[in-house]
Amino acid sequence: MATRHFLTLLDLSSDELRYLIQRAISIKNGLKTHGPTYTPFANRTLAMIFEKSSTRTRVSFETAMAQFGGHALFLSPRDTQLGRGEPIGDTARVLAEMVDAVMIRTFSHASLEEYAAASAVPVINALTDDYHPCQLLADVMTWTELRGSVKGRTAVWIGDGNNMCHSWINAARQFDFQLRICCPEGYEPRQDILAAAGDRVTLFRDPQQAVTDADLVTTDVWASMGQEEEQASREADFAGFQVSEAMLDRAKDDVLFLHCLPAHRGEEISTTLLDDPRAVVWQEAGNRLHAQKALIEFLLLGRVEG
Ligand code: CP
Ligand code: NVA
């Protein structure tokens with residue numbers, strides 16, 4: 001089988017992505033019923049390169065490999081030769097001699113692509129400045145679990161048009177739902193990514209208008225990792241873009257609220273929003289584990305029935 005990478009949601013077909021969502025739900029149910037008895041990856045290793053902080057991504061990938069009977073290696077540039085200038089391509093060739101798959105969280109998406117081009121084993125994007133496709137697997141899984149097929153439904157993205165927003169745009173393309181993006185001027189998603197989605201994606205400026213009759217509302221921090229020095233200016237620019245319970249009241253009665261987390265209460269969300277029953281962020285975070293299990297299984301073994 002040719003090596004498959006997962007750098008964006010566009011690396012898999014719509015059909016493969018829909019399979020992954022159903023497979024993730026099935027793996028989750030199996031874990032609940034039988035415990036961690038499904039161990040297809042005994043003695044297999046996932047290398048995890050983290051150039052940015054993480055709680056959910058690290059714990060979910062590491063736990064996925066442990067429950068699958070394998071092992072995950074945490075690699076930080078501080079402690080590896082990557083941090084001392086060993087070329088990305090050399091690192092990719094070396095790791096492929098020893099491990100079965102590699103997961104990378106880094107800044108530049110181009111660096112991730114450079115790594116993948118030199119890697120003979122599957123490479124998974126665990127967040128770059130441009131995309132966060134693993135999060136979208138968990139998000140679409142959560143939406144599907146709670147509301148059935150997402151096709152034709154309406155999601156609303158409120159906030160910065162960067163990595164999470166770009167992956168929501170790709171998800172709208174691949175899962176065929178409508179996406180409204182509401183961001184302040186100057187924080188729009190990349191034009192090429194937006195244009196490729198066609199009329200499935202619409203830009204709004206007024207959050208109150210954007211959320212009206214929506215099926216799902218989601219947001220993210222105003223200053224992402226690497227943008228810490230812009231925190232104050234972004235707080236000013238995003239004033240009026242905080243998602244609150246009152247804002248969700250304008251959406252459909254059964255609206256869901258998602259947030260990839262970590263959240264900044266009192267900034268992009270009201271201080272109490274995560275306590276609202278419409279917010280399903282803990283289930284969403286937990287689904288990182290199941291969705292990524294389905295992804296690793298698919299990249300290494302192909303489709304598995306059951
Ligand atoms: N949502 C997410 O990727 O969380 P971490 O940064 O904690 O991994
Ligand atoms: N947009 C955020 C997502 C974190 C999971 C960041 O890049 O920091």
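Student: What do the buried residues of α4 pack against?
Tutor: They pack against α3 (88-96), β3 (101-105) and β4 (123-125). Packing is judged by contact: the C-beta atoms of two residues, placed from the backbone, lie within 7 Å. Helices (H or I, at least four residues) and strands (E, at least two) are DSSP runs, numbered from the N terminus. This is a predicted model, where local features need pLDDT of at least 70, side-chain atom pairs count only at pLDDT 80 or more, and totals for chains, interfaces and linings use all residues. Residues are numbered from 1 along each chain as its sequence is written, while chains are lettered from A and ligands numbered from 1 in the order in which they are written.

Student: Which residues of α4 are buried?
Tutor: In α4 (residues 109-117), they are Leu112, Tyr115 and Ala116. Seen down the axis, the buried residues of α4 fall within an arc of 95 degrees (the arc of the directions from helix axis to C-beta atoms), so they line one face of the helix.

Student: Why is alanine 96 called partly exposed?
Tutor: Buried takes 20 or more other C-beta atoms within 10 Å of the residue's own, exposed takes 12 or fewer, and partly exposed is in between. Alanine 96 has 19 C-beta neighbours inside 10 Å, so it counts as partly exposed. Alanine 96 lies in α3. Leaving aside neighbours within four places in sequence, it is in contact with Ser119, Ala120 and Val121.

Student: How do you know that ligand 1 lies between the domains?
Tutor: Domain 1 (9-131 + 285-301) and domain 2 (135-281) both give residues to its shell, so ligand 1 lies between them. The domain bounds come from an automatic or database domain assignment. The shell holds Ser54, Thr55, Arg56, Thr57, Leu127, Gln135, Cys260 and Leu261. Each such residue has its C-beta atom within 6 Å of the ligand.

Student: What makes a shell residue polar, and how do the residues around ligand 1 divide?
Tutor: Ala, Val, Leu, Ile, Met, Phe, Trp, Tyr, Cys and Pro count as nonpolar, Asp, Glu, Lys and Arg as charged, and the others, Gly among them, as polar. Ligand 1 has three nonpolar, four polar and one charged. The shell of ligand 2 has five nonpolar, two polar and one charged. Asp220, Val221, Ser224 and Met225 are among the residues around ligand 2.

Student: What makes a set of residues a nonpolar core?
Tutor: The members are buried Ala, Val, Leu, Ile, Met, Phe, Trp, Tyr and Cys residues, joined through C-beta atoms within 7 Å. The largest core here has 92 residues; Leu46, Val102, Leu137, Val156, Trp168, Val217 and Leu295 touch the most other members. This core draws at least three residues from each of domain 1 and domain 2.

Student: How many residues does each domain give to the contact between them?
Tutor: Domain 1 and domain 2 have C-alpha centres 25 Å apart. Their contact takes 23 residues from domain 1 and 20 residues from domain 2. On the domain 1 side, α1 (14-34) and α11 (281-301) are the elements that give two or more residues.
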